[in-house]
Amino acid sequence: MPKKLKDLAKRFLAEPGKKPKLDKLDPGDTAGIFRKAHYERILQRDIKRLFEEQTLLWASREHAVLVVLQGLDAAGKDGTIRHVMTGLNPQGCRVTGFKVPTEEEAHHDFLWRVHKAVPMRGEIGVFNRSHYEDVLVVRVHKLVPKHVWASRYDQINQFEKILAKNNVVILKFFLHISKDEQEQRLEARIADRHKNWKLSPSDFAEHQHFDEYMDAYEDAISECSTERAPWYVIPSNQKWFRNLAVAQILADKLTELKMKYPATTVDPEVLREAMHPAS
(Lines give C-alpha, C1' and ligand atoms only; values in the text may rest on other atoms or scores of the structure.)
Protein backbone atom coordinates (compact mmCIF):
# COMPACT_ATOMS: atom_id res chain seq x y z
CA MET A 1 0.00 0.00 0.00
CA PRO A 2 1.38 3.45 -0.90
CA LYS A 3 2.48 5.39 2.18
CA LYS A 4 -0.01 8.14 1.35
CA LEU A 5 -2.89 5.67 1.69
CA LYS A 6 -2.10 4.68 5.25
CA ASP A 7 -3.88 7.60 6.87
CA LEU A 8 -6.48 9.13 4.59
CA ALA A 9 -8.31 10.57 7.61
CA LYS A 10 -5.35 12.83 8.34
CA ARG A 11 -4.85 13.65 4.66
CA PHE A 12 -8.42 14.81 4.06
CA LEU A 13 -9.36 16.17 7.50
CA ALA A 14 -10.67 19.74 7.49
CA GLU A 15 -8.61 20.97 10.40
CA PRO A 16 -10.80 22.61 13.06
CA GLY A 17 -10.45 26.37 13.12
CA LYS A 18 -9.06 26.63 9.61
CA LYS A 19 -11.00 27.57 6.51
CA PRO A 20 -10.43 25.14 3.63
CA LYS A 21 -9.67 26.66 0.24
CA LEU A 22 -11.69 24.29 -1.90
CA ASP A 23 -10.35 25.75 -5.16
CA LYS A 24 -6.86 24.77 -3.96
CA LEU A 25 -7.80 21.19 -3.08
CA ASP A 26 -7.56 18.82 -6.04
CA PRO A 27 -10.87 16.95 -6.51
CA GLY A 28 -8.97 14.51 -8.74
CA ASP A 29 -6.48 13.48 -6.04
CA THR A 30 -6.08 9.70 -5.70
CA ALA A 31 -3.31 9.63 -3.06
CA GLY A 32 -0.86 7.99 -5.44
CA ILE A 33 -2.95 4.97 -6.39
CA PHE A 34 -3.92 4.40 -10.02
CA ARG A 35 -4.24 0.66 -10.66
CA LYS A 36 -7.82 -0.61 -10.56
CA ALA A 37 -6.86 -4.03 -9.20
CA HIS A 38 -5.00 -2.36 -6.37
CA TYR A 39 -7.84 -0.13 -5.28
CA GLU A 40 -10.42 -2.93 -5.54
CA ARG A 41 -8.31 -5.09 -3.22
CA ILE A 42 -8.07 -2.26 -0.67
CA LEU A 43 -11.78 -1.42 -0.92
CA GLN A 44 -12.86 -5.02 -0.39
CA ARG A 45 -10.55 -5.27 2.61
CA ASP A 46 -12.12 -2.20 4.17
CA ILE A 47 -15.69 -3.34 3.41
CA LYS A 48 -14.85 -6.58 5.24
CA ARG A 49 -13.49 -4.53 8.15
CA LEU A 50 -16.69 -2.46 8.19
CA PHE A 51 -18.84 -5.56 8.48
CA GLU A 52 -16.72 -6.91 11.34
CA GLU A 53 -16.83 -3.60 13.19
CA GLN A 54 -20.56 -3.19 12.55
CA THR A 55 -21.14 -6.58 14.17
CA LEU A 56 -19.23 -5.42 17.24
CA LEU A 57 -21.14 -2.13 17.24
CA TRP A 58 -24.47 -3.95 17.20
CA ALA A 59 -23.44 -6.46 19.85
CA SER A 60 -21.93 -3.98 22.30
CA ARG A 61 -24.62 -1.27 21.90
CA GLU A 62 -22.28 1.34 23.41
CA HIS A 63 -22.03 3.70 20.43
CA ALA A 64 -24.03 4.92 17.48
CA VAL A 65 -22.32 6.04 14.27
CA LEU A 66 -23.63 8.91 12.17
CA VAL A 67 -22.23 9.35 8.65
CA VAL A 68 -23.12 12.65 6.99
CA LEU A 69 -22.73 12.84 3.20
CA GLN A 70 -22.86 16.25 1.59
CA GLY A 71 -21.97 17.38 -1.90
CA LEU A 72 -23.27 19.14 -4.95
CA ASP A 73 -25.75 17.44 -7.28
CA ALA A 74 -24.04 14.48 -9.00
CA ALA A 75 -21.19 14.45 -6.46
CA GLY A 76 -21.93 10.79 -5.72
CA LYS A 77 -23.83 10.59 -2.45
CA ASP A 78 -26.01 7.72 -3.68
CA GLY A 79 -23.02 5.98 -5.25
CA THR A 80 -21.03 6.20 -2.03
CA ILE A 81 -23.88 4.64 -0.08
CA ARG A 82 -24.30 1.90 -2.66
CA HIS A 83 -20.62 0.93 -2.81
CA VAL A 84 -19.34 1.56 0.70
CA MET A 85 -22.32 0.26 2.66
CA THR A 86 -22.82 -2.77 0.43
CA GLY A 87 -21.33 -5.22 2.93
CA LEU A 88 -23.21 -4.00 6.01
CA ASN A 89 -26.06 -5.83 7.68
CA PRO A 90 -29.21 -3.86 6.70
CA GLN A 91 -30.73 -4.53 10.13
CA GLY A 92 -28.14 -2.27 11.75
CA CYS A 93 -27.86 0.44 9.11
CA ARG A 94 -30.37 3.16 8.24
CA VAL A 95 -30.17 5.69 5.42
CA THR A 96 -32.13 8.93 5.65
CA GLY A 97 -32.44 11.40 2.79
CA PHE A 98 -33.26 15.03 3.49
CA LYS A 99 -35.15 16.83 0.78
CA VAL A 100 -37.21 20.02 0.86
CA PRO A 101 -38.92 20.15 4.30
CA THR A 102 -42.55 19.08 4.45
CA GLU A 103 -45.12 21.53 5.74
CA GLU A 104 -44.97 19.95 9.19
CA GLU A 105 -41.15 20.01 9.24
CA ALA A 106 -41.08 23.64 8.12
CA HIS A 107 -43.16 24.61 11.15
CA HIS A 108 -40.54 23.20 13.52
CA ASP A 109 -36.97 24.31 14.16
CA PHE A 110 -34.60 23.15 11.41
CA LEU A 111 -33.04 20.43 13.58
CA TRP A 112 -36.33 18.78 14.54
CA ARG A 113 -36.52 16.37 11.61
CA VAL A 114 -32.80 15.65 11.88
CA HIS A 115 -32.76 14.67 15.53
CA LYS A 116 -35.53 12.13 14.92
CA ALA A 117 -33.33 10.36 12.36
CA VAL A 118 -30.20 10.06 14.51
CA PRO A 119 -29.26 6.37 14.85
CA MET A 120 -29.67 4.59 18.16
CA ARG A 121 -26.72 2.95 19.90
CA GLY A 122 -25.69 -0.12 17.94
CA GLU A 123 -26.68 1.37 14.58
CA ILE A 124 -24.91 3.10 11.72
CA GLY A 125 -27.00 5.96 10.35
CA VAL A 126 -26.27 7.59 7.01
CA PHE A 127 -27.58 11.02 6.12
CA ASN A 128 -27.90 11.71 2.39
CA ARG A 129 -27.83 15.50 2.76
CA SER A 130 -28.47 16.72 6.27
CA HIS A 131 -28.97 19.65 8.64
CA TYR A 132 -26.22 21.41 6.69
CA GLU A 133 -28.68 22.16 3.91
CA ASP A 134 -29.95 24.88 6.24
CA VAL A 135 -26.67 26.79 5.93
CA LEU A 136 -26.14 25.94 2.26
CA VAL A 137 -29.16 26.06 -0.03
CA VAL A 138 -30.99 28.58 2.16
CA ARG A 139 -27.94 30.82 1.98
CA VAL A 140 -27.35 30.52 -1.76
CA HIS A 141 -31.00 31.16 -2.59
CA LYS A 142 -31.53 33.71 0.19
CA LEU A 143 -34.48 31.78 1.64
CA VAL A 144 -33.85 33.30 5.06
CA PRO A 145 -31.95 36.44 6.16
CA LYS A 146 -28.21 36.17 6.77
CA HIS A 147 -28.51 36.58 10.53
CA VAL A 148 -30.78 33.50 10.59
CA TRP A 149 -28.56 31.08 8.69
CA ALA A 150 -25.36 32.48 10.20
CA SER A 151 -26.65 31.77 13.72
CA ARG A 152 -27.20 28.14 12.76
CA TYR A 153 -23.49 27.30 12.78
CA ASP A 154 -23.45 27.56 16.57
CA GLN A 155 -26.74 25.68 16.84
CA ILE A 156 -25.33 22.87 14.72
CA ASN A 157 -22.18 22.70 16.84
CA GLN A 158 -24.22 22.53 20.03
CA PHE A 159 -26.47 19.85 18.52
CA GLU A 160 -23.49 17.73 17.47
CA LYS A 161 -21.89 18.26 20.89
CA ILE A 162 -25.00 16.81 22.53
CA LEU A 163 -24.89 13.80 20.21
CA ALA A 164 -21.19 13.21 20.85
CA LYS A 165 -21.71 13.36 24.63
CA ASN A 166 -24.32 10.65 24.16
CA ASN A 167 -21.88 8.30 22.39
CA VAL A 168 -22.80 9.17 18.82
CA VAL A 169 -19.68 9.04 16.66
CA ILE A 170 -20.05 11.66 13.92
CA LEU A 171 -18.18 11.60 10.60
CA LYS A 172 -19.00 14.20 7.96
CA PHE A 173 -17.86 13.84 4.36
CA PHE A 174 -17.94 16.57 1.73
CA LEU A 175 -17.72 14.90 -1.68
CA HIS A 176 -15.61 17.41 -3.59
CA ILE A 177 -15.99 17.50 -7.39
CA SER A 178 -14.90 20.11 -9.91
CA LYS A 179 -17.30 22.28 -11.87
CA ASP A 180 -16.33 20.55 -15.12
CA GLU A 181 -16.87 17.10 -13.59
CA GLN A 182 -20.31 18.07 -12.31
CA GLU A 183 -21.26 19.35 -15.75
CA GLN A 184 -20.09 16.13 -17.41
CA ARG A 185 -22.06 14.00 -14.99
CA LEU A 186 -25.22 16.03 -15.48
CA GLU A 187 -24.84 15.79 -19.26
CA ALA A 188 -24.32 12.03 -18.95
CA ARG A 189 -27.75 11.77 -17.38
CA ILE A 190 -29.21 13.31 -20.51
CA ALA A 191 -27.25 11.07 -22.88
CA ASP A 192 -27.96 7.79 -21.05
CA ARG A 193 -31.65 6.83 -21.17
CA HIS A 194 -31.09 4.58 -18.15
CA LYS A 195 -30.14 7.69 -16.19
CA ASN A 196 -32.93 9.90 -17.50
CA TRP A 197 -34.97 9.13 -14.41
CA LYS A 198 -32.43 11.16 -12.44
CA LEU A 199 -33.03 14.28 -14.51
CA SER A 200 -34.24 17.28 -12.58
CA PRO A 201 -34.43 20.85 -13.87
CA SER A 202 -33.34 22.08 -10.45
CA ASP A 203 -30.04 20.16 -10.67
CA PHE A 204 -29.12 21.97 -13.86
CA ALA A 205 -30.21 25.30 -12.45
CA GLU A 206 -28.15 24.72 -9.32
CA HIS A 207 -25.04 24.14 -11.45
CA GLN A 208 -25.09 27.86 -12.25
CA HIS A 209 -24.54 28.56 -8.55
CA PHE A 210 -21.43 26.37 -8.29
CA ASP A 211 -19.12 29.11 -6.99
CA GLU A 212 -21.69 30.33 -4.48
CA TYR A 213 -22.05 26.81 -3.12
CA MET A 214 -18.28 26.50 -2.80
CA ASP A 215 -18.24 29.65 -0.67
CA ALA A 216 -21.09 28.30 1.45
CA TYR A 217 -19.36 24.94 1.92
CA GLU A 218 -16.08 26.58 2.90
CA ASP A 219 -17.83 28.50 5.67
CA ALA A 220 -19.91 25.53 6.84
CA ILE A 221 -16.86 23.28 7.01
CA SER A 222 -14.63 25.83 8.75
CA GLU A 223 -17.35 26.78 11.26
CA CYS A 224 -18.42 23.21 12.04
CA SER A 225 -15.38 20.94 11.75
CA THR A 226 -14.61 20.00 15.33
CA GLU A 227 -12.70 17.23 17.07
CA ARG A 228 -15.96 15.59 18.13
CA ALA A 229 -17.58 15.97 14.67
CA PRO A 230 -14.90 16.37 12.00
CA TRP A 231 -15.40 17.21 8.36
CA TYR A 232 -13.42 15.37 5.66
CA VAL A 233 -13.05 16.85 2.19
CA ILE A 234 -13.02 13.80 -0.09
CA PRO A 235 -11.71 14.17 -3.67
CA SER A 236 -14.58 12.75 -5.71
CA ASN A 237 -13.82 13.30 -9.39
CA GLN A 238 -12.75 9.65 -9.43
CA LYS A 239 -15.69 7.70 -8.11
CA TRP A 240 -13.61 4.66 -7.17
CA PHE A 241 -11.27 6.73 -5.02
CA ARG A 242 -14.18 8.48 -3.34
CA ASN A 243 -15.52 5.08 -2.28
CA LEU A 244 -12.13 3.87 -1.12
CA ALA A 245 -11.45 6.98 0.97
CA VAL A 246 -14.83 7.00 2.73
CA ALA A 247 -14.65 3.25 3.43
CA GLN A 248 -11.15 3.47 4.88
CA ILE A 249 -11.84 6.48 7.10
CA LEU A 250 -15.06 4.95 8.42
CA ALA A 251 -13.45 1.55 9.06
CA ASP A 252 -10.46 3.17 10.80
CA LYS A 253 -12.72 5.24 13.05
CA LEU A 254 -14.75 2.20 14.07
CA THR A 255 -11.55 0.28 14.80
CA GLU A 256 -10.35 3.11 17.04
CA LEU A 257 -13.36 2.55 19.29
CA LYS A 258 -11.81 -0.77 20.36
CA MET A 259 -15.21 -2.35 20.82
CA LYS A 260 -15.57 -5.77 22.42
CA TYR A 261 -18.30 -8.36 22.48
CA PRO A 262 -20.31 -8.27 25.71
CA ALA A 263 -19.84 -11.08 28.20
CA THR A 264 -22.24 -13.96 27.78
CA THR A 265 -24.99 -14.32 30.36
CA VAL A 266 -25.30 -18.07 30.00
CA ASP A 267 -22.91 -20.99 30.24
CA PRO A 268 -22.40 -22.51 26.75
CA GLU A 269 -21.84 -25.92 28.31
CA VAL A 270 -25.25 -25.80 29.98
CA LEU A 271 -26.84 -25.08 26.61
CA ARG A 272 -24.89 -27.90 24.98
CA GLU A 273 -26.05 -30.34 27.63
CA ALA A 274 -29.64 -29.15 27.18
CA MET A 275 -29.41 -29.97 23.47
CA HIS A 276 -27.90 -33.38 24.13
CA PRO A 277 -29.32 -34.62 27.44
CA ALA A 278 -27.76 -37.75 28.85
CA SER A 279 -29.89 -40.80 28.11
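Modeller: A salt bridge is a side-chain nitrogen of Lys or Arg within 4 Å of a carboxyl oxygen of Asp or Glu, and a search of the whole structure finds 17 of them. This is a predicted model, in which local features need pLDDT of at least 70 and side-chain atom pairs count only at pLDDT 80 or more, while totals for chains, interfaces and linings use all residues. Residues are numbered from 1 along each chain as its sequence is written, and side-chain values use heavy atoms, with hydrogens and water left out.

Biologist: What makes Asp 73 and Arg 129 a salt bridge?

Modeller: Their closest N and O atoms are 2.6 Å apart, which is within 4 Å and therefore meets the definition. The pair links distant parts of the chain, 56 residues apart, with Asp 73 in the loop between E1 and H3 and Arg 129 in the loop between strand E3 (124-128) and H6; helices (H or I, at least four residues) and strands (E, at least two) are DSSP runs, numbered from the N terminus.

Biologist: Why is Asp 73 called buried?

Modeller: Its relative accessibility is 13%, and because buried means under 20% relative accessible area, with exposed over 50% and partly exposed in between (1.4 Å probe, protein chains only), Asp 73 counts as buried.
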